[in-house]
Structure formats: C-alpha cells, structure tokens
Amino acid sequence: MASTAAPQTQSKPVPLASSIDVRVVNVDVTVTDGNGKPVTDLTKGDFEVLEDGQPQAITNFSLNQRKVAVSGSSGESSTAPRRKVIVVIDNNYIDSRQRSLTLDTLDRFLEERFDENSEWSIATIGQSLDIIQPLTSNRAKIREAVAKARKSGTVSLRTDELDREILSDPFRRAAKGGYNYEETVRFQARDRTSRNERSLANTAKGLTEAARSYSGVDGKKIFVLLTGGMEMNTSFAAYDNGRDHEMNDRKTGIAKLIDQIVIEANTGNLAIYVINVRPSDMAAPQHDVENQAWGGRVGASSTGETDISDVDSAAFTLAAATGGLNFTSNVVRQSLDAVDAMTANYYSLGYGPQHAEDGKYHSITVRLKKPGLHALHRRGYLDVSPDVQLEQYLRLRISILQPSNSVAVNVDTKSSAGPDGKPVVQLTAGMPWQQVTLLRTGQQYKGRVHVYLAVFDKDGTNVGFHHQIQDVALTPEQFAEAVKGAFRYRMSVRLEKGDYTVAMTMRDDLSRDVGTGVQRLRL
C-alpha cells in the first residue's frame, strides 16, 4: 500500500478523468452618477462587456450592497460578500512625520468606521514588501499592525524646489545677461527622474508581490495605497527638447514599472485606491490628476473611455487602470471615507472568455447604456492557470503567514548531517486519505496528489521551491485499509546551517482542495 510515497515527478501528467472547465472572468464595477453618488438600480441589460474589443455575453450578474459603517453600527448587509481591504503604506514616498499623521487618521477611521464584516490587512513597502498583518476581521490585531508600521523605515523625497515661475517661463531661459537655468534645471530633472525610478522599482516590486499574495482570495478586494510624490513627470517642458536620451530611458523604465503593477493588480482582481499623503512642500509634483467620482477632472465615462490626454501621473494611471480612484486632496480622512463608500456598492459581472489559458494579457471594457454615468473597473487581466497562480503564491512569505487550511496537512521533520557536513532534513507531509479523491478504474482506485515544498530563510525570503506529483493506485483491499489512515509523502532537502521555515502544501488533483503545513527549523 502506497501509504508513504517517494518523490515522483511528471512534466505533463495524463488527466485522471475527462472534465469540462467552466471558466468565468469576474469584473467588479462601481457605478456613480455625475454627483459621485452610487447608482444601484441598474440591470444586466444596462451593461455591455468587451474583451479585446469583442462583445461578451454576461453570464453572471449581481448587485452587492453594504451599509457604510458608522460608530456603533456593524454595517452588516446580507447581499454583500466579505470585503478585503489591504492597506499598503509606501515608505518609498512618505517621510516619518507625514506617515505618523496619516496613521493617526487611520486609527481614528478604524475606531469609528471599522466594519467587522470586512477583513483588513496591513503591509509596508520599503526595499521589499512586509505584510505585518494578514487578512483578519479582528480590529485589535489591525490596530497592533498599524502601531508596528509606525516603526518601519521611510525615505523622504523632500528637496529644495526651483522657482515655479522660472520653470514654466521659457523667456527666463533665454534672458540675456541673466543666469542660464537650462543646465541646472535639466540636471535636477534628470536626477529627480532617476531617484523616482529607483523608488518606484521598490514600490513596483512590493505591489507586485502583494497582488500575487491576494490574487487567490475571494470577494471584493482593494488596495488602499498610502503614498505621495509618485508623479512620473519630473522634467520641465520649457527646458525639455526631447533629445536627452538618458532622461528618455528613465521615463521608459518608469512606464514599464507602472505597466507591471497594473498587470499584476488586474490579474488578481485588485482595485488600487491611491491616497496622497504628500505634504504641500514635497518636490516636483507636476500634475495632480484625479479621477474622483464626485467630479474629478478625469474619469471613466458611460462609453468606457477615459480622457488621459496630458496625463503622466503614476498614481492616476495605477488607479484608473485597475478600477480604483486617485485622491490628490491630501485630506486623508475624507479619502478613506470615500473609499469606504465607493466599495460598499458595486456590481459583479461575469463572462466566459472564448480562449484557453494562453498566458496573454486581455483588455476589458465595460460600457453603460445609460448616459451620464461613470464606471470604475479593472481594464484587463493576464490569463494564467490556477496552477501557476498557486505556485506564485506558495513562493511568497504570505503563504506561511496565512496558509491554506481547507485540507488538514501536518509536517514532521528530522535532520541529520550529510557526507559534506551540511544538514539533511527529512520532511514528511501527511493528510487524511479521505481528502484524496480516488476513482475506481477496473480493479484499482486511482488518484493524484500534488506536493509543493517552499523553504524560507529567517528574513522570509524564499530560498527553495519544489513541485512534485504523486500518482496513487490501490487495490480494493488496500483502499479499504488506507481510508483509515493518512496519505504521507516524504522528501529530503539539504540546507546550510541557519533558521528556516518550511511549508509543505498538498493539493488533490481532482477536487483541487489545498492544505499547507508549516514547520520552523533551526539547523
């Protein structure tokens, strides 16, 4: 009886049974009128969905409503699934003083408007992502995480600013006998653009990891990004002749980073709400563009189009392309209240794409047939398989902070010294046989289990990952005996001495149920 399995790997295993996958792409749409008030009386016939410009048949439709929570009220609503709010504090663009004031406001918001039917997570981004608190509905844990975020490091972008009148006046540049500002301005523009690209690279890395961390979570998901000074435009038109190749390369690099964030957020169905916490004297904001639903200069119209002429704000692009909003007023409490209200009422649309999982990015357009309305929704998705998404998730630290538990998986470890002196760790993962789906084929019961091993160092960095596939074949006699015990899988890994966290995940091939066991090691 194969009660303990040895490693077995197959690149493309033959399917155990014929199946028809019913794929649905879900699009959450927030609809407001010209005054920014939610519109909640639309029907499926009022919407039109296009993928890559081609009309799609809407197969799933629902209106999700939640009462906005007030002090002393739970905000409970039976028609809305549990909302997931991920607060991301971008330390690459916030100084410690402004962050402290912002988190004071967040604390007051949580005290007065926290909705226990929502789950919140708190994360910071510096050189990397740090998820301080995974999703929870426990307000005390969230407040503790906010307190920890106050102690994280920040990077200030404050610099001395040039005279705005000089920067925008081409006649000053050509003034005879005066100071030649051209080289000074170009140097500062190039320097600021380079620093902005470096900072944005860290932010992009963090947001990409955060998007992958929460891509598999069900329900309405939003990022509340507390940041400032993310504007892409750090050059000045009067002094920019377009022939500065170094500057052009930097701008191209920034554009690619923005695209990377948008693709990952849209693939994970996460709307980004950007809240500006930049003080008024922070350097080089050239465009304060907002697509606020209550009358911002730029917004999505009933036709699904967005006016992005003369817009080069990174914050605006992140919000507009993912179905969120960009708040530039620097009034944090007002912005938090608006996010709470905007995400309390939304429509869920679903359609079946006409292509297989092709690994390509597909655009999404939602049009409203009634005039004068605004729609916020994600603008596309990267079509990757659930298996790929699961592997991406299991390589991230969040997978050991908030492991999957639909299947009870336990992990036993035993270490010994190898021939070269390096520790060899024997890992055994087990789960109940009842959670292995077995099909009767002739005189055998057949099934398949996927086993994933992820190893993390003491800093939470993934230093090893393996995906093994184990086919199972039992006789009726073995089957009758096996269901009384556990399916076990063993593997060995060689590690350097140090502190590690190992996670072994098991997935049943047919039911796709997943469970993870986590064990800490000191070698």
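**Figure 1. Helices H1 and H2 run roughly antiparallel to each other (angles over 145 degrees count as such).** This is a predicted model: local features need pLDDT of at least 70, side-chain atom pairs count only at pLDDT 80 or more, and totals for chains, interfaces and linings use all residues. Residues are numbered from 1 along each chain as its sequence is written, and side-chain values use heavy atoms, with hydrogens and water left out. Helices (H or I, at least four residues) and strands (E, at least two) are DSSP runs, numbered from the N terminus. The axes of H1 and H2 (residues 139–149) cross at roughly 175 degrees and come within 10 Å. Axes are lines fitted to C-alpha atoms, for helices over the stretch in contact; angles run from 0 to 180 degrees between N-to-C directions. H1 contributes Arg99, Leu103, Leu106, Asp107, Leu110 and Glu111 to the contact (heavy atoms within 4.5 Å). H2 contributes Arg139, Ile142, Arg143, Val146 and Ala149. By class, the residues divide into 6 nonpolar, no polar and 5 charged. Ala, Val, Leu, Ile, Met, Phe, Trp, Tyr, Cys and Pro count as nonpolar; Asp, Glu, Lys and Arg as charged; the others, Gly among them, as polar.

**Figure 2. Helices H6 and H7 are roughly parallel (angles under 35 degrees).** H6 spans residues 245–267 and H7 residues 314–322. They pack at about 25 degrees, with axes 10 Å apart. H6 passes H7 in a right-handed crossing, meaning that the near helix is turned clockwise from the far one by less than a right angle. From H6, Ile258, Ile261, Val262, Ala265 and Asn266 meet Ala314, Thr317, Leu318, Ala321 and Thr322 of H7. This contact of H6 with H7 has 7 nonpolar, 3 polar and no charged residues.

**Figure 3. Helix H7 is mostly covered.** The buried set is Ala314, Ala315, Phe316, Leu318, Ala319, Ala320, Ala321 and Thr322. Glycine 323 follows H7, and its phi is positive, near 90 degrees.

**Figure 4. Threonine 516 sits in strand E23 (residues 514–522).** Threonine 516 has a relative accessible area of 10% and is therefore buried. Its side chain makes a polar contact with the side chain of threonine 505, at 2.8 Å. A polar contact is a pair of N or O atoms within 3.5 Å; within protein, one must be able to donate a hydrogen and the other to accept it, and residues adjacent in sequence count only if both atoms are side-chain atoms. Not counting residues up to four places away in sequence, threonine 516 touches Leu394, Pro403, Ser404, Val407, Val409, Ala503, Met504 and Thr505.

**Figure 5. Aspartate 115 lies in the loop between H1 (96–113) and strand E7 (118–125).** Aspartate 115 is buried, at 2% relative accessibility. Aspartate 340 is 225 residues away in sequence, yet the two C-alpha atoms are 9.7 Å apart.

**Figure 6. Aspartate 52 and arginine 512 have positive phi without being glycine.** Phi of aspartate 52 is about 50 degrees. Aspartate 52 lies in the loop between strands E3 (47–51) and E4 (54–56), and is partly exposed at 40% relative accessibility. Phi of arginine 512 is near 65 degrees. Arginine 512 lies in the loop between strand E22 (499–508) and E23, and is partly exposed, with a relative accessible area of 37%.

Note on methods:
Angles under 35 degrees count as roughly parallel, over 145 as roughly antiparallel, 65 to 115 as roughly perpendicular and the rest as oblique. Buried means under 20% relative accessible area, exposed over 50%, partly exposed in between (1.4 Å probe, protein chains only).
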